[in-house]
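Dear colleague,

Please find below the structure that I am handing over to you.

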Amino acid sequence: AIEGQGFGDDLPAAVAAGYKIARGETALDGSNATPVAHGLTTCVAFVATLKGTAAPGDSTSVLTVNINGANADVYAWKHTTGGAAGNPTLVASTGTESFYWFAIGT
């Protein structure tokens with residue numbers, strides 16, 4: 001249980017007492033996907049968010065993730081013009097921006 005933060009022993013059923021949290025900062029390697037070794041035996045959730053304070057402009061603007069055993073594969077996307085009626089669409093990014101991540105598992 002997480003004491004002193006309002007959680008007490010009343011954890012939701014989906015939260016196991018033995019869960020661990022791993023976290024870090026990684027740079028995209030431009031290969032799309034960038035593998036991240038989370039260090040957990042079993043990863044049940046992984047979240048990644050771009051590092052920065054400015055709007056991404058034409059650079060990487062969206063990250064998606066696929067948990068893949070000992071790694072989480074982080075995919076980067078940027079917008080381009082095109083699509084129906086000139087609406088922007090997303091294409092794979094080969095950017096090297098940094099992102100923060102955390103993983104939950106055992």
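I begin with Thr-60, which is found in the loop between S3 and S4; helices (H or I, at least four residues) and strands (E, at least two) are DSSP runs, numbered from the N terminus. With 2% relative accessibility, Thr-60 counts as buried, where buried means under 20% relative accessible area, exposed over 50% and partly exposed in between (1.4 Å probe, protein chains only). The side chain of Thr-60 makes a polar contact of 2.6 Å with that of Ser-93 and another of 2.9 Å with that of Glu-97. A polar contact is a pair of N or O atoms within 3.5 Å; within protein, one must be able to donate a hydrogen and the other to accept it, and residues adjacent in sequence count only if both atoms are side-chain atoms. Not counting residues up to four places away in sequence, Thr-60 touches Leu-28, Leu-50, Ala-76, Trp-77, Lys-78, Ser-93, Gly-95 and Glu-97, contact meaning heavy atoms within 4.5 Å.

Please note that this is a predicted model, in which local features need pLDDT of at least 70 and side-chain atom pairs count only at pLDDT 80 or more, while totals for chains, interfaces and linings use all residues. Residues are numbered from 1 along each chain as its sequence is written, and side-chain values use heavy atoms, with hydrogens and water left out.

Asn-32 is found in the loop between S1 and strand S2 (34-37). At 19% relative accessibility, Asn-32 counts as buried. A polar atom of its side chain lies 2.6 Å from the backbone nitrogen of Ala-76. Leaving aside neighbours within four places in sequence, Asn-32 is in contact with Val-74, Tyr-75, Ala-76, Ala-92 and Ser-93. Asn-32 also has a positive phi of about 50 degrees, although it is not a glycine. Most residues other than glycine have a negative phi.

As to the strands, an open sheet of three has the order S1-S7-S3, with antiparallel pairing; two strands pair if DSSP finds at least two bridges between them. Strand S1 (20-27) and strand S3 (43-50) stand at the edges with a single partner strand each, so one side of each is left without a neighbour in the sheet. S1 and strand S7 (residues 98-105) pair in the antiparallel sense over eight bridges, and Arg-23 stands opposite Phe-102 in S7.

A search of the whole structure finds one salt bridge, defined as a side-chain nitrogen of Lys or Arg within 4 Å of a carboxyl oxygen of Asp or Glu. The side chains of Lys-51 and Glu-25 meet in a salt bridge (2.9 Å, N to O). Lys-51 lies in the loop between S3 and strand S4 (62-68) and Glu-25 in strand S1, so the pair ties together parts that are 26 residues apart in sequence. Lys-51, at 41% relative accessibility, counts as partly exposed, and Glu-25 counts as partly exposed at 43%.

Finally, Phe-46 touches residues including Val-36, His-38, Val-74 and Trp-101, not counting residues up to four places away in sequence.
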